[in-house]
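Trainee: I am new to this structure and would like to understand what the words used for it rest on. Could we go through it slowly, setting each value against its definition?

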Amino acid sequence: MLDTLRQIADEVGHANDLQGALNLVTGWVKQTMQVGVCSVYLRDPGQGDFVLMATDGLRPESVLKVRLAPGTGLVGLVAERQEPLLLRNATDHPAYRHFPETGEELYTGFLGVPINYFRKVQGVLVVQHRQDTGFGDNDIAFLVTIASQLAGAIHEAATLGDDRQASRPLSDTLYFRGAAGAPGVGIGTLLTPSPYADLDAVPDRDGRDPEVEEAAFRKAVLAVEEELGKGSKRMADLLPEEVRDLFDVYALFISDSGLIDDIVARIRKGKWAATALRAAIDERSAVFNRMPDPYLRQRSEDIRAVARRILLHLHSDSRDPCSYPQRCILAGDEVSLARIADVPPGRLAGIVCRHGSTMSHIALIARSLGIPAIMGAQDFPFRRLQGSTVVVDGYEGRVFTDPSPVVLSEFQRLAREEQQLVSSLAELRDLPSETSDGTTVPLYANAGLASDITLGRNNGAAGIGLYRTEFPFMLRESFPGEEAQYRIYRSILEACDSLPVTMRTLDIGADKALPYFPIKEENAALGWRGIRVTLDHPEIFLTQLRAMLRANLGLGNLHILFPMVSRLDEIEAASALLGQACDSLKNEGIRGKKPPVGVMIEVPAAIYSMQHMAEHVDFFSLGTNDLTQYLLAVDRGNEHVSQLYDHLHPAVLHCIRDAIGQARRTGKPVSVCGEMAADPLGAVLLLGMGADSLSMAAPAIPHIKWVIRSFSFSQARALLDQALGMTDAGAIRSLLSTALENAGLGGLIRAGADILPGCRDQQTG
Ligand code: PEP
Ligand code: MG
């Protein structure tokens, strides 16, 4: 049975379209179970009805004609009850509805099972037969197993946008979920990749004249080289240096003479230029695709992005002149840097990618450009939405399609209000971050790119509370050496003048992978990451520490922070290595003051060692992102459990309160640098808990300063006490939202965060 199941799942996975996949399933199941009929009904996302999509056994003309509302007919009943329904004589059942066009009256034995995908019934799988012997337990087990195995594959096939989706109605205003890649609201016209750039659609064809084909190919390569050069120049003013380096990755591919020679060789053997290109790129991208590391897999996307541009030029006769709307939303499986660079300045309003996460290159770039972006919106059928108006809600990670006038004007209002809010909060820039009863809570910026430093300064940050050194490491092709790191750190410390900068030592592993240092683990979040990696690689750690210490010479604003610490001996070992780095510099005649050293409290176990850790460190920094992940046992990067990830969960609040309490007992300062600090609701609670400072993405600083200045410490304390007495994150959220509303900060609780009237989640209906 396992073999049959594997074969079915495999075939569905490889089917070209949903209909093909469903036909395969019904045929296979009918044959394997030796029944008279196997049918699949799928839920119409527009109306919620269950529609007969494929059958082997019923009359083919009934496909798409039979529709059952939830709760009606036997199929509707299975869907509603979400459990198998087994009937020896189906026609006797009160819910039975007769559809003469199907010819099903011949079949009395009925077995239907729901096809569930993450709690949501997406369809019903039915088998029927003539004999009145009925089905047995084994049949139910088999069908349930098949339905569960197929749910993911059917979901994939149903949503990975292709033409068949055109038959599915979009309701008034649908929205699709993804990850919030870059904050903001973007409204504009959707621009999808040109169909002429669809590599997969290139047929296997021979060329007429190899010389003509080769000339056309070389001309196309030249044109792309030129475009990349121009684009790079255009981006030079927009992007920080390390992000601009990424642009060179594309140029690297195109200057790869091995690749060009390979394609030309195929052309000379008689292939059409486009076919030769597709075949060579397929071969190379397959190699990258097989790599377990997501950042290496990203290279496959890069190489395909370059190839698509060449393809466009090969098809230049038939090419659509690409005209950019005034407000343009770029969408695609992925959106390349080159595509961003092509958009005329001032017209890019948003980005939606079906692949990727908040850690993807494009999310970083979108954040540094200040363009709202959504990543990993897997279900977003962008191909059929070309030219339509969409709203990108980069705060909540949602994209709204063809918004109704009400929804549109609501988001326009939000965008306007945001703009006004940003302008009005600008006047807080130089005011202290102080409560009405005189408690000061300085606000720092989190940074990873050079542009974050400028943004932080523009927003009145008191310094850099968390500089994630892994970012510059991620954007390179190999580990940066001491000199390269020195230059990066020095420029950051200098850019902040005398303001303090907390540099975290390399925190790689789990979701933060380096392309040149793949770490493949089953359970990566609990594996080799952060300080565990750098302690195992003193050569990497010492190089980084030396570069930081050298960068600090004559400036003195460096603080060093150790990530992912779960044991006291890790701090002891890290401190010893820091001592070694200082000594080695001293031996070279480079004498500097040892900077203050801190430890991140982001693993629950660390909270219970804080008293001892305090003997080795000067400050604590609470990483609420990982603390929430580890306390709730919810992988922060897993979209299937993301609704369980909540920093307002009562257990998380108690835990953070305890950690801050521990820090206070040691007399060492404690700051909070996770996302919770940037959440106005979370910030009130952190204030009440007595956090000494908060660190957040630079654009959030004015918002949080407004919060701090609008509350008194005692009010925040009282709210915290109330919240800690609650058992449910929802109740805590509404308590705090009301408090913010009452304090006149309603503008910070975005209306768009709620589901807007008339809008439906594409996944949950
Ligand atoms: C955290 O875990 O809260 C944190 C700030 O670190 P990062 O998000 O980089 O893991
Ligand atoms: Mg962390």
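Mentor: Let us begin with Ala 182, which, leaving aside its neighbours within four places in sequence, is in contact with Ala 366, Arg 367, Ile 371, Pro 372, Ala 373 and Gly 394, where contact means heavy atoms within 4.5 Å. Please keep in mind that this is a predicted model, in which local features need pLDDT of at least 70 and side-chain atom pairs count only at pLDDT 80 or more, while totals for chains, interfaces and linings use all residues. Residues are numbered from 1 along each chain as its sequence is written, chains are lettered from A and ligands numbered from 1 in the order in which they are written, and side-chain values use heavy atoms, with hydrogens and water left out.

Trainee: Why does Ala 182 count as buried?

Mentor: Ala 182 has 1% relative accessibility, and buried means under 20% relative accessible area, exposed over 50%, and partly exposed in between, with a 1.4 Å probe and protein chains only, so Ala 182 counts as buried. Ala 182 lies in strand β8 (residues 179–182), strands being DSSP runs of E with at least two residues and helices runs of H or I with at least four, numbered from the N terminus.

Trainee: Why is Ala 223 called partly exposed?

Mentor: Ala 223, which has its place in helix α5 (residues 210–236), has a relative accessibility of 23% and therefore counts as partly exposed. Ala 223 and His 313 are 90 residues apart in sequence, and their C-alpha atoms are 7.4 Å apart in space.

Trainee: Which residues come nearest to ligand 1?

Mentor: Of the 13 residues around ligand 1, those that come nearest are Arg 468, Arg 504, Lys 512, Asn 625 and Arg 636, a residue being near a molecule or strand if one of its heavy atoms lies within 4 Å of it. The shell around ligand 1 divides into 3 nonpolar, 4 polar and 6 charged residues, where Ala, Val, Leu, Ile, Met, Phe, Trp, Tyr, Cys and Pro count as nonpolar, Asp, Glu, Lys and Arg as charged, and the others, Gly among them, as polar. Helix α21 gives the most to this shell, with 3 residues.

Trainee: How do you know which polar atoms lie 2.8 Å from an oxygen atom of ligand 1?

Mentor: The computed distances show that a polar side-chain atom of Arg 468 lies 2.8 Å from an oxygen atom of ligand 1, and a polar side-chain atom of Arg 636 likewise lies 2.8 Å from an oxygen atom of ligand 1. The protein covers 99% of the 290 Å² of accessible area that ligand 1 has on its own, areas that come from the Shrake-Rupley method with a 1.4 Å probe, where for residues only the protein chains shown count as cover.

Trainee: Why is helix α23 (residues 680–689) said to be largely enclosed by the rest of the structure?

Mentor: In α23, 10 of the 10 residues are buried, so the helix is largely enclosed by the rest of the structure. The buried residues of α23 pack against α22 (650–666), β21 (670–672), β22 (693–697), α24 (701–710), α25 (713–724) and α26 (729–742). After α23 comes Gly 690, whose phi is positive, near 95°.

Trainee: Why does Ser 693 count as buried?

Mentor: Ser 693, found in strand β22, has 11% relative accessibility and therefore counts as buried. Leaving aside neighbours within four places in sequence, Ser 693 is in contact with residues including Val 441, Pro 442 and Tyr 444.

Note on methods. A polar contact is a pair of N or O atoms within 3.5 Å; within protein, one must be able to donate a hydrogen and the other to accept it, and residues adjacent in sequence count only if both atoms are side-chain atoms.
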